[in-house]
Amino acid sequence: MAERQATIASRVGLHARPASLFAEAAAAQPVEVTIAMEGDSAEEAMDASSMLSLMSLGASHGDVVVLRAEGDGADAALDELVKILETDLDAQ
């Protein structure tokens, strides 16, 4: 299973617009991607393409999250999603 850590760069964290953009990007990936707060177990990970899951995660600016995926294209998918999380989407 591929895994990446990312630091939330958006000033409002994973809420509203940043969460929507990230969920859309996660849903477009060829593999299922999960997200969890750093330190949480893999069993606590949530569907990264779900707005409800992202909002309930409660990730704020500066928090570290862990993305996981398995299968063909998992590494590339996670690399792309990390770039999104580590971009201040509120500034755009």
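Two residues are in contact when they have heavy atoms within 4.5 Å of each other. Keep that in mind as we walk through this predicted model, where local features need pLDDT of at least 70, side-chain atom pairs count only at pLDDT 80 or more, and totals for chains, interfaces and linings use all residues. Residues are numbered from 1 along each chain as its sequence is written, and side-chain values use heavy atoms, with hydrogens and water left out.

Let's start with Phe22. Skipping residues up to four places away in sequence, Phe22 touches Leu14, Ile35, Ala48, Leu54, Leu67, Leu81, Ile84 and Leu85. Phe22 also belongs to the largest nonpolar core, a group of 28 residues, and is among those with the most contacts inside it, alongside Leu14, Ile35, Val65 and Leu67. A nonpolar core here is a set of buried Ala, Val, Leu, Ile, Met, Phe, Trp, Tyr and Cys residues joined through side-chain atoms within 4.5 Å, and buried means under 20% relative accessible area (1.4 Å probe, protein chains only). In soluble globular proteins, nonpolar side chains tend to be buried together.

Now look at a spot in a loop. Gln29 sits between α1 and β2 (helices, H or I, are DSSP runs of at least four residues and strands, E, of at least two, numbered from the N terminus). Is Gln29 buried or exposed? Gln29 is buried, because its relative accessible area is 12%. Setting aside neighbours within four places in sequence, Gln29 is in contact with Ala77, Glu80 and Leu81.

Definitions and conventions. Buried means under 20% relative accessible area, exposed over 50%, partly exposed in between (1.4 Å probe, protein chains only).
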